[in-house]
Amino acid sequence: MDCAVAMNLEAAAMPESQEPLLEVCDLSLRRGQAVVLDGVNLALHPGETLGLIGESGAGKSTLALALIGLLRAPEVQLAGSMRFRGTELTRLREADYRRLRGNKIGLIFQDATAALNPCFTVGEQIAEPLKRHLGLSKWDRRERAAELMHSVGIPEPRLRLDAYPHELSGGMQQRVMIAIALACNPELLLADEPTSALDVTIQAQIMELILDRVRALNSSAIFVLHDLALGAQVCDRIAVMYAGQIVEEGPSDRVLASPLHPYTRGLKSCVVELGSRTLVPIPGQVPPLNAMPAGCRFAPRCPKAKAICGEQRPQAEIRDGRQVACWFID
Amino acid sequence: MQEPIFSLLDVERTYELRGRGWFHRASRQLKALDGVRLDLQRGDTLALVGESGSGKSTLIRLMLGLEPASDGRVLYGQRDLSQLDAEERKRFAREVAFIYQNARGSMNPRMRIEDILAEPIRLHGLCAESALPERVAALLDRVGLPTGLLQRFPSELSGGQIRRVAIARALAAEPQVIMADESVAGLDVSVQAQVLNLLRDLCREAGITLVFITHDLGVASYLCEKIAVLYLGRIVEQGPTDAILNTPRHPYTRALLQAFPRFDMPLKASLSGEIPSPVDLPKGCRFAGRCPQAQAACRETDPVLTALEAGRQVACLFPVAAA
Amino acid sequence: MRDALNIPAPPDSQWKRRFVQPLLRQRSAMLGLAIIALYVFAAVFAPWLATHDPTAQDLMASLQGPSAAHWLGTDSYGQDLYSRLLYGAQLALIIGFASVALGLAVGVAIGLAAGLMGGRTEWVLMRIVDGLLAFPELILAMAFMAVLGLGTENVVYALALSFVGPFARMTRGDVLQVKNQPYIEAARLMGVTTAAIIWRHVLPNVVSPILVQAGMRVSIAILLESGLSFLGIGVVPPTPDWGLMIAEGRAFITMAPWISGVPGVALAILLVALNLLGDGLRDAFDPTTQKDA
C-alpha cells in the first residue's frame, strides 16, 4: 500500500483531518538478506494510543526500535520514511535523535530491572532527562523528580528518591521507568511490553497509570503487546503484525471484535479467555526470515489460501475503516 | 467417596532468615506456606492460581517431596511423603511426574531427545531394550512431534517443541499424577493454545490427575475442573472452576478476575498496593491491607478456610455475596 | 497441531556437526593441528629420521654450523643438533602429555569429590588445593624436583603435581554449577540413582571445559619442562632435551647461535601451535560461542 491510501484511510477515520504526529510510509528494514520489516504503513494522531500486536518474530519490537533510532544503518538497512511531527526520522543524525529520545519521545521497556542502572538512585535517574533536556537546576530537578514519583503513584516519594532500584519491587521499578519516560512531558510514549513481567493485578494498575498519565499530558502512545485482550482494553487503534508486515490495522474495537484478516481471526481463537471451552490453534509456524514465501507471508498457514496467495503479495485495502492486507476479505 | 491420592494436612513451610548484623543474629521467619489443607482425588484436575509470592511453587515442591514440610503432613495415598522407604520412593517417582517451568533447563543439554525420553522408561524397566526405540517414537508422536527430532539436542528445539518433549518425558513412565509449573508461560498465544490442547487431551484420555500451577486464571479455567486460589502462602478460595469464575466469593479472587484482560470489558485496576512481604505478616487476614471491603474485624481475626457450599471453600470473614 | 513439520532431516552425525565441524571451520586451529601433527610425526619416527645417534659425541666436529653432514650443525660436544631436535620432540611431547594426564586425573578426582560431597570433605580438599595454588607453577615444580631428585620421570610427577590445583579448582566450580541445574533435580525426581546422575548428568557437562583446559596446559607443561631443564633441575644430560640444549648453547651464543636457536625456535613454534589448537577447542566446545539452531 502506498501512503496515499494510508492518508485516505486516515482522512476517513478522522473527520477533522489533523496532521498526524507520527507517519510511517512503506517502511522496510533489512538485516543482511532477511527482510525483517516489509512495507509498514502507520499513522498516529495526537492523543491516540496504538497497539502493535503479534507473536514473537512478528517484528513489533523491531519496528519500535527503528522508530526511536535504536536500530539503524549500518546495523540494518532502512527504506521508506518515518516522519515525526514532519521531521524525517530515517535520515536523522544520532545527535538529533538523542534530543528526541527521553524528551519528545518517552520510552518504557519490558524489563525495568534491566533498564534501570543499579548504581544510581532512582531520584538521580529520574532527574537525568530533566538535566539533559530541560536544563533544570539541581534543586529543581529533585523537586520535579519527587513530583513525578508522586504522579506515578509511588508512596512517600521524598523518602524513595534516594532508594536504589533493587530496593523497590518490580511494580515500583516499572513506575520509576514511567516517571523517567514522562519526565519531559513527551508527545509520544513508546512502551515495549511494559507489563509482561508483572502480575496481573499489578499489570492492571500499571496500564491504568500509563493511560492516565498519557491522557493527562495529551500525548500519544504506542504499545508493543502480545496480549490481544489487553490491547483491546488500552489501545484506540490496533496494528496486527505477522512476519514483519502489518496484516490488519484499524480501530481496536472493530479489529478485535470482527477481525477481517485470517491471521487476526486465528490469533483471536487462540486467546484463552475466562471460561474458554475450545482453543483453535493456528496450524504450522512462522516461516524463518530468510525463507519467507513470495506471496502473502501468512499463506502457508492460512485456511483460506488459494493459488494467488502463494504467488502475489496482497496490497492493503481499506474496508470498514481499517487497512487489511488479504486477497480474500469477506 | 474414594480416598484422596494426595492430602495436605495443615502444611506449613517456613524459611529461617538470618539476621544481618554481627551481633543481631536473631533470625526471622519467612512463612511461604501456612496452614494449607488440600485433598486431591484421583482424576482431578486442579489449578493452583496465585501471583508471584503466593507460595504456589513451594506448595508443589512439597507435594513432590523436594522439600520437607516444616509442620503438618503431606500424604500420598495414606503414606507420609517424608517417611517413604526406598521401594515406595521409587514407586512415587514413577507415579508422579513433574513438568518444570524451565523445560529446556530440566533436560541435560548433552543428551539427545531420544535418550532423555528413554531414561525414565529404562529406569523403571517398563519395556525390553529392543522395544525401546519404538516406545520412544510413540511418545514423541503422542505429543505431536515428528520422530526426526529424536536425534536432536534440547538447545536445537523451539520453545513450543521443548515443552512438548517435557510433556512426553512426563508421560514416559505412565504416571498417575502430573504436576506442571507454569508450563505455558512465555509462549506465543498460538503455541500456547497447541500445548494447552495437548495437555488437556492427554489428561482426559489417560485419566491422569493433573496439578497445574499458573498465574493465569484463563489458562487455569481452560485446563482444570477445580481451582485453588493462593494468596501469601494460604489457600483463600477453592472450588469448581465454573463456580469460581461465575461467583467468586473471596474478594481477592474477584479482584483477580476483574484484572484479567478481556475483550468485552474496560481495563480495571481492581486492587491497590502490592503483595506484602511474607516475613512480617500482619495480624488478622493477610489480604486485609489490600481488600476493598476490609472491616475492623478483618485486621483482628485470621479467617480459616471454611466450607460454604458443596465443594466450595473460602477463607474470608465476609465473603462476597453470591450474585 | 504440529509446529514442526518442515524440519530438515538431521545430519548423519550430530557429534560431527556439534564438535568436529566448528573445529574444522577454524583455520588457525587447523594450522596449529597440522604443526602439532608434524611434531608428533617427527617424534614417533625419530629413530628413522635421525641421521646420527643423538647422544654420540664427536669432539672433532664440535660447534659446526649447518652442513651436509650435520643439517642443523653440532653443539659443543659435537652432537648432531638435527637428531637431538627430533629426539627432543619425543621427550617434550611425552612429558607434556603425561604430566597433564596425570595432573588431570588426580585434580578431577579431587574436584569431583569436593564438589559433590560438600561439607567437611570439600573444606579439607579445597584447603589442600589452595596450598598448591599458592605458588606459581614453576616454583612449585622446582620445589618438587628438589625433593624428588633429577630425572625424566620425576619431571613428569613434579609438573603433574603443579597441575592438580588448577584442575581440582576448575572441576569443583563446574560441578557446583551443574549440581544446581534443574535437570539434576529432574533426574532425582524421576528416581535416577546418585551414581547414574554423576555419570550421565554431571560428568558429561563438566568434561569439555576441562579437556579444553587440558589442551592449553600441555603447552605450559612443555614450557615448564624446558624451563626446569634449562635451570639444571630437570632431565639429566646428555638426554636430548630442548631446555638442556638451549642452556648448553648459551655459552656459545655469539660464536654458534644455532645451538640455542634451533631448539628455541622449535619450542616456540610448538607452543604457538598448541595455543592455536587450544583456542580452537575452546571455541568449538564452549556452548556460549555455539549458535542455537
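Author: This is a predicted model. Start in chain B, with helices α5(B) and α6(B). From α5(B), the residues B:Gly159, B:Gly160, B:Arg163, B:Arg164, B:Ile167 and B:Leu171 make the contact. They meet B:Val191, B:Gln194, B:Val195, B:Leu198, B:Leu199 and B:Leu202 of α6(B). Sorted by class, this contact has 7 nonpolar, 3 polar and 2 charged residues.

Now the geometry. Two packed helices are described by the angle between their axes and the distance between those axes. Helix α5(B) spans residues 159–172. Its axis and that of α6(B) come within 10 Å and cross at roughly 10 degrees. Angles under 35 degrees count as roughly parallel, so α5(B) and α6(B) are roughly parallel to each other. The crossing in which α5(B) passes α6(B) is right-handed.

Helix α6(B) also takes part in the contact between the chains. That contact takes 32 residues from chain B and 32 residues from chain A. On the chain B side, the elements giving two or more residues are α6 (189–206), α7 (217–223) and α9 (251–259). The largest share of that side, 7 residues, comes from α6(B). By class, the chain B side has 18 nonpolar, 9 polar and 5 charged residues.

Follow α9(B) across to chain A. There it packs with helix α9(A), residues 200–217. Their axes are 8 Å apart, at an angle of about 55 degrees. That makes α9(A) oblique to α9(B). The crossing of α9(A) and α9(B) is left-handed. On the chain A side, A:Val200, A:Thr201, A:Gln203 and A:Ala204 make the contact. They meet B:Ala255, B:Leu256 and B:Ala259.

Back in chain B, look at the strands. Strand β6(B) covers residues 96–99. B:Val96 and B:Phe98 point one way, B:Ala97 and B:Ile99 the other way. All of them are buried. Strand β6(B) pairs with β7(B), residues 177–181, in the parallel sense over 4 bridges. The bridge partner of B:Phe98 in β7(B) is B:Met179.

Chain A has antiparallel pairing to set beside this. Strands of a sheet pair through backbone hydrogen bonds, either parallel or antiparallel. One open sheet of chain A has 4 strands in the order β2-β1-β4-β5, with antiparallel pairing. Its edge strands are β2(A) (34–44) and β5(A) (87–88), each pairing on one side only. Strand β4(A), residues 77–84, joins β5(A) over 2 bridges. Here A:Phe84 stands opposite A:Thr87. Helix α2(A), residues 60–67, packs on this sheet and touches β1(A), β2(A) and β4(A). The direction of α2(A) makes about 65 degrees with that of β2(A).

Last, strand β10(A), residues 245–251. It is mostly covered, with 6 of its 7 residues buried. Strand β9(A), residues 237–242, runs antiparallel to β10(A), joined by 6 bridges. A:Ile238 has A:Gly250 as its bridge partner. The hairpin of β9(A) and β10(A) has 2 residues between the strands, and A:Ala243 takes a positive phi near 50 degrees. Strand β10(A) also runs antiparallel to β12(A), residues 322–324, with 2 bridges. In that pairing A:Glu248 stands opposite A:Val324.

Terms used
Residues numbered from 1 in each chain as written. Chains lettered and ligands numbered in written order. Predicted model: local features only at pLDDT ≥ 70, side-chain atom pairs only at ≥ 80, totals over all residues. Buried ≥ 20, exposed ≤ 12 C-beta atoms within 10 Å, placed from the backbone. Pairing = 2+ DSSP bridges. Contact = placed C-beta atoms within 7 Å. Nonpolar A, V, L, I, M, F, W, Y, C, P; charged D, E, K, R; others polar. Axes fitted to C-alpha atoms, helices over the stretch in contact; angles between N-to-C directions. Parallel < 35°, antiparallel > 145°, perpendicular 65-115°, else oblique. Left-handed = near helix turned anticlockwise from the far one by under 90°.
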